[in-house]
Amino acid sequence: MKFKKTLVTGAHGLVGSTISSDFCPTSGELDLMKFDDIVEYLNFNKIDSIIHCAAKVGGIGANVNKAGEFFYGNIMMNTNLLEAARMCGVKKVVSFLSTCVFPAEANYPLTSDQIHNGEPHHTNYPYAYAKRMLDVMGRAYQKQYGTNFITVIPCNAYGPNDNFHLEDSHVIPAIIHKCYLAKKNNTDLNLWGDGRPYREFIYSKDLGYLIKWALENYEDTTPLILSSDEEVNIDTIAREICKHVGFTGNINYDQRMSGQYKKTSDNTILKSILPDFQFTPIETGLKETVEWFLNNYETCRK
C-alpha cells in the first residue's frame, strides 16, 4: 500500500534522517509528550501513516543511570502517539522495538515469540519494558479497534546523524567520539566492557530502506526482525574505528560495565521476503560514519 502523508518521528535522528517525507517535525515542533499536540498535528496535516523512530535512548551507562527517565519518557511517547493515531484514523504505524526487549535468558537465535518470556537484561530493563509495550499495545488495538500498528526489531543501528554523546550514546558512536578525543588529547582509549561481546549491526541507510518497505508491504503483527547475518565483537569494531580515526594508542577496557555476550537474532522472515537485499558491509559503514563525524564534529549531537 502506498501512503501519501507519512509522519516520521525522530526524523532528524539516526534512522529518521534517512527516510524521505514532507512531515519531519523536530521535537520542538511536535512534542510527543503532549497528547493534544499530537492529535492536532495528525488532524491538521491529514496524516495517513507514521514511522515511529523517536525514542529516549542511550548506551549501558545512560540506561543504568537514567532508568526512570528512560521508562517514563518512552512509555509516554509511545502511548501518546499510538492512541492519537487511533483517534485520528491513521491507517498504519510502524514502530521501532530493539533487541534489548528480549529476555536476558532467551534462547538463541532470538525469535519474536520469545519477547515476553522473561526479564530483560538488568542493564536496560526499563527501556526494554517500555519498548515491549509497543508490541502489546499494537496487538491489543488491532484486536479491539482493527488498527494496523506493526513493529520492527532492528539490531544495533549506526551511521551519520547519530548521537555521539560520551555518556548517552550507543556503542559505535560512543567509541568514535572517545577515539577522536583520545587522539586529540594524546591519551589511551578507555572503553566500557571487555571487548569480547558480539553484536549485529545495521547501517542506518539500510534500516531506513527496510522501514519504508515494511510500511508499504509488511502487515503481520509479529514483530519483524531486521538484522544481517554478521556478528562482530566490540574489540574488532573499536580497532576498525581507530584505523579510520587515525588513533594508534592503547585501548583499555573497564570490565565492571560489561553487557550480554551475544544477541544473535533470527532474520529468517526478512530473508524469506527480501532474499536479494544486500546489507552494507560493516567496514564501509564505519568508514562513512567516522568521516561524517569528523566533518560534522562542531554541529553533531554530542
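This section describes the sheet, its covering helices, the cysteines and several local backbone features of a predicted model.

The sheet is open and has five strands, in the order 1-2-3-4-9. Pairing is parallel. Strand 1 (6–9) and strand 9 (224–226) stand at the edges. Each has a single partner strand, so one side of each is left without a neighbour in the sheet. From one strand to the next, the twist averages 20°. Strand 3 (residues 92–96) pairs with strand 4 (residues 149–154) in the parallel sense, over four bridges. S95 has T151 of strand 4 as its bridge partner.

Two helices that lie across these strands were examined. Helix 3 (residues 67–87) lies across strand 1, strand 2 (49–52), strand 3 and strand 4. Helix 3 runs at about 170° to strand 2. Helix 6 (residues 204–217) lies across strand 1, strand 2, strand 3, strand 4 and strand 9. The angle between helix 6 and strand 3 is about 145°.

Helix 6 also contains D206. This aspartate is buried, yet has no salt bridge. K205 is the nearest side chain of opposite charge, at 8.5 Å. Leaving aside neighbours within four places in sequence, D206 is in contact with F277, F279 and T280.

The structure holds zero disulfides. For C88, the closest cysteine sulfur is that of C24, 18 Å away. A disulfide requires two cysteine sulfur atoms within 2.5 Å, so the sulfur of C88 is too far from that of C24 for a bond. C100 is likewise in no disulfide. The nearest cysteine sulfur to C100, that of C155, is 13 Å away. Both residues are buried: C88 has a relative accessible area of 19%, and C100 has 5% relative accessibility.

Local backbone geometry was also examined. The peptide bond from Y108 to P109 is cis, with omega near 5°. P109 is found in the loop between strand 3 and helix 4 (125–145).

Positive phi values occur at K46 and N161, neither of which is a glycine. For K46, phi is near 55°. K46 sits in the loop between helix 1 (35–45) and strand 2. It is exposed, with a relative accessible area of 62%. For N161, phi is about 70°. N161 lies in the loop between strand 5 (156–158) and helix 5 (171–185). It is partly exposed, with a relative accessible area of 28%.

Conventions
Residues are numbered from 1 along each chain as its sequence is written. This is a predicted model: local features need pLDDT of at least 70, side-chain atom pairs count only at pLDDT 80 or more; totals for chains, interfaces and linings use all residues. Side-chain values use heavy atoms; hydrogens and water are left out. Buried means under 20% relative accessible area, exposed over 50%, partly exposed in between (1.4 Å probe, protein chains only). Two strands pair if DSSP finds at least two bridges between them. Axes are lines fitted to C-alpha atoms, for helices over the stretch in contact, and angles run from 0 to 180 degrees between N-to-C directions. Contact means heavy atoms within 4.5 Å. Lys and Arg count as positive and Asp and Glu as negative; His and the chain ends are not counted. A salt bridge is a side-chain nitrogen of Lys or Arg within 4 Å of a carboxyl oxygen of Asp or Glu.
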